[in-house]
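Dear colleague,

I am passing on the structure below, together with an account of what came out of it. Please read the notes with the coordinates open beside them.

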Amino acid sequence: MMQKPHYLALFCAIALALTGCAGKHIVRAAPPSVSTPPPDITEPMPPPATPAQPVATEEPPPESTSPVPPMVPAKRPTPPRPRTPQPDPPAPRPAAPQISPQLSAKDLASTKSSTTANITTAEQNLQLANGKQLNAPQKDLTEKISSFLAQAHEAILADDWVRAQNLAEKARVLSAELVKSF
């Protein structure tokens, strides 16, 4: 004899099987309308043989029309969106002019000497790192120092001594940190 949970499971399975998919509606598409192409004309057909007896004229049989399938609304293709004219890309901006303060002759000489001293110190400290086994933070420091030194040299070539002094000072400070980490 079956226990109550088995009856309950059996009852649920039967109820589920009997309900089916009530929400699913199947819609048939209309069969495609195909017309037969006209026959190719190759030779004229010979006239039918006429019988010797007079033929009574009969009314032509009514044309049989095929039943029209029910109309199913076809999905209309979405019309293409009208193309809006694309705006012209903006013209490239000219490079921004470098604004550097005008230094007196005395200040310019002082800036040049401090920049040169900072670059020399940073390069010497960077040379101490060559040949040593560096960890990841130390390698990162050496890359930053090299970058600042390269930018300082570019600023010197552009005759921007104030920017060169700032970059050289950053390179010197980072190089001192690198030397301390050994």
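T115 is found in helix α2, which spans residues 105–129, and in this predicted model T115 is buried, its relative accessible area being 0%. Once the neighbours within four places in sequence are set aside, the contacts of T115 are with I156, W161, A164, Q165 and A168. Of these, I156 also belongs to the α3 side of the contact between α3 and α4, while W161, A164 and A168 belong to its α4 side.

N118 lies in helix α2 as well, and because its relative accessibility is 9%, under the 20% limit, N118 counts as buried. With neighbours within four places in sequence again left aside, N118 is in contact with A168, E169 and R172.

For α2 and α4, the angle is about 30° and the axes are 8 Å apart; since an angle under 35 degrees counts as roughly parallel, α2 is roughly parallel to α4. The crossing of α2 and α4 is left-handed, and the residues of this contact divide by class into 14 nonpolar, 8 polar and 3 charged.

How do the axes of helix α3 and helix α4 cross? Helix α3 (residues 136–157) and helix α4 (residues 161–180) have axes that come within 8 Å and cross at roughly 160°, and as angles over 145 degrees count as roughly antiparallel, the two helices are roughly antiparallel to each other. This crossing, in which α3 passes α4, is left-handed. On the α3 side the contact is made by Q138, L141, T142, K144, I145, F148, L149, Q151, A152, E154, A155 and I156, and on the α4 side the residues include W161, R163, A164, L167, A168 and K170. By class, the contact of α3 with α4 holds 14 nonpolar, 4 polar and 5 charged residues.

The loop between α3 and α4 is the place of D159, a residue that has a positive phi of about 60° although it is not a glycine. Most residues other than glycine have a negative phi, and that is the reason for drawing your attention to this position. D159 counts as exposed, because its relative accessibility is 56%, which is over 50%.

E143, which is found in helix α3, also counts as exposed, with a relative accessibility of 56%. The C-alpha atoms of E143 and L126 are separated by 9.8 Å, the two residues being 17 apart along the chain.

As for the chain as a whole, there are 4 helices and 0 strands, and the elements run α-α-α-α from the N terminus on. Buried residues make up 14% of the 182 residues, and the accessible surface comes to about 16,800 Å², of which 61% belongs to carbon and sulfur atoms. Among contacts with a separation of 6 or more, residues 24 or more positions apart account for 74%.

Key
Residues numbered from 1 in each chain as written. Predicted model: local features only at pLDDT ≥ 70, side-chain atom pairs only at ≥ 80, totals over all residues. Heavy atoms only, no water. Axes fitted to C-alpha atoms, helices over the stretch in contact; angles between N-to-C directions. Parallel < 35°, antiparallel > 145°, perpendicular 65-115°, else oblique. Left-handed = near helix turned anticlockwise from the far one by under 90°. Contact = heavy atoms within 4.5 Å. Nonpolar A, V, L, I, M, F, W, Y, C, P; charged D, E, K, R; others polar. Buried < 20%, exposed > 50% of the residue type's maximum accessible area, 1.4 Å probe, protein only. Areas by Shrake-Rupley, 256 points an atom, 1.4 Å probe, with all protein chains shown as cover.
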